[in-house]
Amino acid sequence: MSNKKVVIIEDEPDILEVLNYHLKRDGHEVFTASDGAMGLALVKREMPDLVLLDLMLPGMDGLEICRTIKKDPQMQNTLVIMLTAKSEESDIVLGLGLGADDYVAKPFSPKELTARVNAVLRRGMPAKMIEKRERIDVGALVIDSVKHKVTVAGREVKLTTTEFRVLSHLASNPGRVFSREQLLCRTRGDDAAVIDRNIDVHIRGIRKKMEVEPPLIETIRGVGYRMADHI
Ligand code: CA
């Protein structure tokens, strides 16, 4: 992984210090802030590749910072990982809806955190920029977007249009969690009126047809779904 610029906004000194240490050790250029407003100012000044963002912050809360970053056209390639407590599941959903690229729940190990950071950096571009690929390979799963064909270990799986879109979106971003609301708005086509609003129904349909155990699409309780990235 080549060196990247990372801003950490976190008000707990111990966590800030640990993150700072490990990311620097990984070769990244790291800037830190322990206050929300100062953190956002730092992000605007440094234009980092990635922001590690605590949600509960003095000055300005993490969701507001995330919203500001993702709304700013100059920062459209800035990746955001939210640092959250387990009790903040509704905030995770909100944050992903605001465009956060991933989240890590506290308490986390430095190893887990740096793995997530490197995975998000590797994915590099925000999801919407890599969605339109002709062929997507995730383990045994192959999606041919041109022929509109899905195979699992060589066996063809017949999906509805919506199921195909949902699966393609998840498979374009393995390991990344999407809320139901995100999946719904990102996979809605021109035929929005006929689409069942219940994403769970589509996921169930996809899993049933793929016949893979454990399912390639994982349920993240209270948050949404993700494509397994360990296959
Ligand atoms: Ca905090």
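**Exercise 1. The antiparallel sheet and its helices**

Determine which strands helix α7 lies across, and state at what angle helix α7 runs to β7.

*Solution.* Step 1: Helix α7 (residues 161–172) lies across β6, β7 (141–144) and β8, and runs at about 115° to β7. The model is a predicted one, in which local features need pLDDT of at least 70 and side-chain atom pairs count only at pLDDT 80 or more, while totals for chains, interfaces and linings use all residues. Residues are numbered from 1 along each chain as its sequence is written, and side-chain values use heavy atoms, with hydrogens and water left out. Helices (H or I, at least four residues) and strands (E, at least two) are DSSP runs, numbered from the N terminus. Contact means heavy atoms within 4.5 Å. Axes are lines fitted to C-alpha atoms, for helices over the stretch in contact, with angles from 0 to 180 degrees between N-to-C directions.

Step 1: The sheet is open and holds four strands in the order β6-β7-β8-β9, with antiparallel pairing; two strands pair if DSSP finds at least two bridges between them. β6 (135–138) and β9 (155–157) each have a single partner strand and stand at the edges, so one side of each lacks a neighbour in the sheet. From one strand to the next, the twist averages 20°.

Step 2: β8 (residues 149–152) and β9 run antiparallel and are joined by three bridges. Opposite V152 stands R155 in β9. Helix α9 (residues 199–210) also packs on this sheet, where it touches β7, β8 and β9, and its direction makes about 160° with that of β9.

**Exercise 2. Backbone geometry**

*Solution.* Step 1: Most residues other than glycine have a negative phi, and most peptide bonds are trans.

Step 3: For the peptide bonds, K106 and P107 are joined in cis, with omega about -5°, and P107 lies in the loop between β5 and α5 (110–123). E213 and P214 are likewise joined by a cis bond, with omega about -10°; P214 is placed in the loop between α9 and β11 (217–220).

**Exercise 3. The faces of helix α4**

Which residues of helix α4 are buried, and why do they line one face of the helix?

*Solution.* Step 1: In α4 (residues 89–97), the buried residues are I92, G95 and L96. Seen down the helix axis, these buried residues fall within an arc of 95°, so they line one face; the arc is that of the directions from the helix axis to the C-beta atoms.

Step 1: This buried side packs against α3 (62–71), β4, β5, β10 (178–179) and α8 (180–186). S90 and G97 are exposed on the face turned away from it.

**Exercise 4. The calcium site**

Which residues coordinate the calcium ion, and at what distances?

*Solution.* Step 1: D11 (OD), D54 (OD) and M56 (O) coordinate the ion at 2.1 to 2.3 Å. Donors are N, O and S atoms within 2.8 Å of the metal (3.2 Å for Na, K and Ca); water is not among the atoms, so sites may look incomplete.

Step 1: Along the chain the donors follow the spacing D-x42-D-x1-M. D54 counts as buried, at 3% relative accessibility, whereas M56 counts as exposed, at 57%.

Notes: Buried < 20%, exposed > 50% of the residue type's maximum accessible area, 1.4 Å probe, protein only.
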